[in-house]
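Here is a short walk through one structure, with the sequence alongside. Please keep both in view as you read.

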Amino acid sequence: ASAELRMREDTQRALGFAEPVTTFRQPSHVALVSDRSGVAKAWEVTLVDKRQYYRASVMTLTEAVAADGIDVFLLDGRGHDRHATLRLLSELQSRTHTRHAATILCISDDDPEFAAMALDLGANDLLIAGFTDTELLLRVDAQARRKAQRDRLRDGVRTGLEAALTDPLTGLHNRRYAMSHLSRMAEDARSLGRDYAVMMIDIDHFKRINDRYGHPVGDAVLVALAARLRKALRPEDMLARIGGEEFVVALPGASQVEACATAERLRKLIAACPIDLPEGGSLPMTTSIGVAMAWTTDTPGSLSEALVGRADEALYRSKADGRNKVTL
Ligand code: GH3
Ligand code: MG
Ligand code: MG
Ligand code: MG
């Protein structure tokens with residue numbers, strides 16, 4: 001068992017718990033910041049010797065401002081330059097790489113005003129002079145735990161957001177992402193005075209592929225096509241799967257001629273290279289494409305809906321015209 005578990009178990013036994021309740025967590029990185037010689041070193045001995053799961057770094061105030069990847073800052077507020085310590089506290093809140101870290105300020109027992117200022121500037125906890133090693137450990141522990149919890153929450157939110165905007169089959173953006181991306185493009189188009197184009201791509205007779213080879217092969221074809229389209233586009237072009245076998249592409253800054261040329265290039269590329277099937281053999285395939293232009297003179301608002309609608313109408317004309325076609 002780690003030192004953490006042993007100490008917790010000791011406390012629990014002292015309280016008469018029959019079975020100790022244990023927890024596990026990743027090692028936290030604690031920065032020990034003081035301008036008095038020996039203070040941070042002494043803290044390091046307390047933290048690291050008693051709890052092997054801490055990584056501790058002794059650093060100066062200047063080093064602390066530039067530090068990255070720190071979970072808890074333990075700041076000495078009884079140092080030579082107490083004003084600089086308070087300043088550091090505010091700076092830690094404002095910088096992206098330290099903003100999520102927890103801060104504990106160690107202060108003397110006769111300065112309630114300093115304590116209030118520290119809390120006002122965002123200190124998460126105070127250690128008042130006269131504290132024992134155990135108190136120091138427990139306060140660092142509490143902040144390290146809260147920090148780890150908040151990190152997990154933030155990761156979860158990020159992962160959830162990503163999942164909500166991604167098509168699980170192809171890994172491309174989904175319809176929800178595509179529509180909000182198009183709205184942002186509409187704003188940009190107006191403020192930057194930049195036209196752009198949207199195209200709608202639909203596989204021809206995809207139902208036949210499913211009917212003949214089965215749904216899993218149909219899925220594999222969709223994945224292969226997605227990869228092929230992504231590779232054939234510029235990084236700044238947005239590609240999303242917005243329906244079963246329908247893809248939308250947004251081409252920022254594209255003129256009508258460029259957009260039609262890009263659509264024609266994609267159509268030819270797909271028609272010319274059959275897609276390799278998972279169980280061997282390959283499958284020829286064609287697509288129909290509809291292109292629509294967004295002009296800087298269009299009003300934003302409902303522009304993206306109208307634009308997608310126009311691309312869809314153009315796509316319908318490509319289908320009606322015999323498929324494997326590009327229509328504006
Ligand atoms: P058209 O040329 O007119 O577009 O004909 P189509 O067969 O491609 O069009 P239709 O809209 O009639 O059929 C689309 C088919 O796509 C129907 C559906 O079974 C299939 N499909 C939709 N989503 C998926 C999917 O996620 N995986 C697979 N394998 N097939 C799908
Ligand atoms: Mg269809
Ligand atoms: Mg189709
Ligand atoms: Mg379709």
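**Around the ligand**

Of the 16 residues around ligand 1, those that come nearest are Asp204, Phe206, Lys207, Gly218 and Gly244. Keep in mind that this is a predicted model.

Which elements build the shell? Strand β6 (196-203) and helices α8 (206-213) and α9 (215-232) each supply at least two residues of the shell around ligand 1. The largest share comes from α9, with 4 residues.

Now turn to the two helices themselves. The axes of α8 and α9 come within 6 Å. They cross at roughly 135 degrees. That angle lies between 115 and 145 degrees, so α8 and α9 are oblique to each other. On the α8 side, the contact is made by Phe206, Ile209, Asn210 and Tyr213. On the α9 side, His215, Val217, Gly218 and Val221 take part. The residues of this contact divide into 5 nonpolar and 3 polar, with no charged ones. Phe206 and Gly218 belong to the contact between α8 and α9, and both are also listed among the residues that come nearest to ligand 1.

Next, look at another helix. Leucine 119 lies in α5, which spans residues 112-120. Is leucine 119 buried, exposed or partly exposed? Leucine 119 has 14 other C-beta atoms within 10 Å. Buried would take 20 or more, and exposed 12 or fewer. Leucine 119 is therefore partly exposed. Leucine 105 is 14 residues from leucine 119 in sequence. In space, the two leucines are 8.9 Å apart, C-alpha to C-alpha.

Conventions:
Residues numbered from 1 in each chain as written. Chains lettered and ligands numbered in written order. Predicted model: local features only at pLDDT ≥ 70, side-chain atom pairs only at ≥ 80, totals over all residues. Near = placed C-beta within 6 Å. Axes fitted to C-alpha atoms, helices over the stretch in contact; angles between N-to-C directions. Parallel < 35°, antiparallel > 145°, perpendicular 65-115°, else oblique. Contact = placed C-beta atoms within 7 Å. Nonpolar A, V, L, I, M, F, W, Y, C, P; charged D, E, K, R; others polar.
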